[in-house]
Amino acid sequence: MIKNLSVLEFEGLEELLKIKAQELVATLDAGDLLKAVELINELQQARHQVFYNEVGHLTRGLHEAIKSFSSDIDEKIVDDMGKKIPSMTDASDRLAYVIELTDKNSHETMDRVDRSLSLVDRLDNQSERFRDLLMLVGQLEGEFKGLAGVYDRTCSVKNESEKTIEELRNVLTDILVSQSVQDITGQLIRRVINLMTQVEKQLVKLMEMSSKVERLRGMDIDAVADDDKEPEAADAIAAQGPQLKKKEAGAVSNQDDVDELLSSLGF
Amino acid sequence: MKKDIKILVVDDFSTMRRIIKNLLRDLGFTNVDEADDGKTALPILQQGRIDFLITDWNMPGMTGIDLLKAVRADPNLSHIPVLMVTAEAKKEQIIAAAQAGVNGYVIKPFTAVVLKEKIEKIFERIG
């Protein structure tokens, strides 16, 4: 039997093949066909075992890398109070924390926008009171020569200021709407979290598989392999999340495209 | 356009619900209810006081497209106009939403002008 098959890796394979091939030739020369077939089986088994050992190696390496990555990052993350954030043990939690932070931040920004908008409203009201006072000036203008032209000039200043208020309101609304980036980034991050959860699950499966293979060493390895199923057909209209690049295949790139598509459908 | 109609805004991100709510307020609509996915939206709709539905697509629990289909399938709700506000931008998705009976489709990120325009257009059409 082949010795140390369980630790055989790619580097050792060539050496083993050489030895076995020579042994095979010698056995055939000696006319022992049964022994020769046994040797061919052993060769095949060695090839499978190398593959599984490599995969096992890779899996353990990946697992270690993820673990050390997690602990590495954990040491660097501190909250605003300068404390280490506890229970941030995996990357998914950290990404979820990013969503939480941007959510909080967006709401704080919107609080300020709301406050600013109410200040703009106050300016607007003052402008109305100003108008009443102006009417008075207009009436007095005829009586006092020194006031000539003051009404017209003040009126144009007032109109300018009303325009500025309107502009300010629009800019504040733009700031409000731009907070929607929190939703967009949040959706993208959620997709990454889902992907990572999947990868993690598959990784655990892979580790289980490789440990099973190790236990089954010497037995028919083929039974474990070739178990891949066809991936489920992707749902064509399943939620995709935000488009990363414009002009992604089959995606529209702006509202005009949506409108065009809908109007072609009779909307 | 009646300003006292009741509008339900459905999105899993509270940021987005707040943005839409504020823009509706600018348009004069102050009677706005919120839900964070289709599952929580349906009971609110079934209480029967919602006149207009604005929903996201991609939500945990029950998605916006499923909510739209549920609304259209329910004789008590099927008349409610539905505006979809979503980052989903695949042609198949827009077509699927149209076939499911959506009244308008706005892709995120949107501008205040676009959202207001689409809302007004829907109200114009339904009178």
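This is a predicted model: local features need pLDDT of at least 70, side-chain atom pairs count only at pLDDT 80 or more; totals for chains, interfaces and linings use all residues.
Residues are numbered from 1 along each chain as its sequence is written, chains are lettered from A and ligands numbered from 1 in the order in which they are written, and side-chain values use heavy atoms, with hydrogens and water left out.

Strands here are DSSP runs of E with at least two residues, helices are runs of H or I with at least four, both numbered from the N terminus, and two strands pair if DSSP finds at least two bridges between them. Val10(B) has Thr55(B), in strand 3 of chain B, as its bridge partner. The open sheet of chain B has five strands in the order 2-1-3-4-5, with parallel pairing, and its edge strands, each pairing on one side only, are strand 2 (32-35) and strand 5 (104-107).

Turning to the interface, 39 residues of chain A are in contact (heavy atoms within 4.5 Å) with 39 residues of chain B. The rule finds six salt bridges across this interface, a salt bridge being a side-chain nitrogen of Lys or Arg within 4 Å of a carboxyl oxygen of Asp or Glu. Asp114(A) forms a salt bridge with Arg18(B), with the closest N and O atoms 3.0 Å apart. Helix 3 of chain A supplies eight residues, the largest share of the side of chain A that touches chain B.
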